[in-house]
Amino acid sequence: MNAPCELASEPARPAAGTRSRPRWRQTALITAGAAALFGAVRLLPTGTNLAHVDFQVPGGNVIQFCDPANPAFLPVIAVKSPVTMTLAPDAPPATGRPLRLTLVLRTFTGRPIGPADLLVTHEHKLHLLVVDPGLGDYQHVHPVPGARAGQWEFALTPRAAGRYRVFADFTPAATARGLYASADLDVPGRPAAPVAADNWTAVVDGLRCTLAPAAPLRARDVVTLTLTIEAAAGAGPVRLEPVMGAYAHLVAFDEARSGFAHLHPQPSDLGRAPDPARPQLTFRVQIPQAGRYVIWSQFKTGGREHFAPFWVAVVP
């Protein structure tokens, strides 16, 4: 299984006793050709003034990029990102009070990251995965560009107290590979405790949602999950509508909120609408460590988005 993210590492040293025997003419030609090609590519219009080097941090344990097709959990807190993010609310945060927040993204080299510097992924350039300490308030937000370079603005109404964690999910145009950043937002009050019991079924907005694993959830195993959505009050069609380019999304968090897994349906479920009689979608996930996790599902019916949580245990 390929790793979900590529990390920076120190360059390897040649083994003792080896000799380099360059062919100078051939090396010069290859170097000149590579330089010409690089120069030509740099002249192509990309809309961004940032380069790959702006997202590279020297040393080890630094994220270089993430593979969005890989179903593994992303270690956001444990591994340093080449992008920094700061949050500034327009008023003191409080439970139930709408906030306007300004977010600033900057590269490792300190350059601001604006809309021209990001690619559209799942219909948006920037995704925010926002969750409270008890993992009971999950919100998926899409900021809009602000007045100054690197600024993004969004609205948020915290439904709980405690230190919210905001994960940013985006793809720089300079690298065309997924990256992330994170920041915290303090909401005064006593944080809610995580739900104590596991559940594979959740009822939200009159809909019964079931998440079924094809095998027990074990650390480091890739497992297929099937999401089924039915009318809770009896028989009736459930017509799913596309949301962010798919008919459903799953987002998993661990209790420590050390990272997340943003999951999309399998390719066979992306190109066709699910059967409204009993819509089902399949996902794949890989959790690196044992523990308790919450997996939030997000889907849309009748122009309204729904969020259903599933608390699950991952065994060693």
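Strand β14 (residues 249-254) has six of its six residues buried, so β14 is largely enclosed by the rest of the structure. Buried means under 20% relative accessible area, exposed over 50%, and partly exposed in between (1.4 Å probe, protein chains only); strands are DSSP runs of E, at least two residues, numbered from the N terminus. This is a predicted model, in which local features need pLDDT of at least 70 and side-chain atom pairs count only at pLDDT 80 or more, while totals for chains, interfaces and linings use all residues. Residues are numbered from 1 along each chain as its sequence is written, and side-chain values use heavy atoms, without hydrogens and water.

**Exercise 1.** Determine which strands pair with β14.

*Solution.* Two strands pair if DSSP finds at least two bridges between them.
- Step 1: β14 and β17 run antiparallel, joined by six bridges, and D254 stands opposite Y293.
- Step 2: Four bridges, also antiparallel, connect β14 to strand β15 (residues 260-263); F253 has F260 as its bridge partner.

**Exercise 2.** Classify the ring pair of Y138 and W296, then that of Y138 and F307.

*Solution.* Rings of Phe, Tyr and Trp (its six-membered ring) pair if their centres lie within 6.5 Å; planes under 30 degrees apart are stacked, over 60 edge-to-face, the rest tilted.
- Step 1: For Y138 and W296, the centres are 5.9 Å apart and the planes at 40°, so the pair is tilted.
- Step 2: For Y138 and F307, the centres are 5.9 Å apart and the planes at 75°, an edge-to-face pair.
- Step 3: Y138 is buried at 3% relative accessible area, whereas F307 is partly exposed at 24%.
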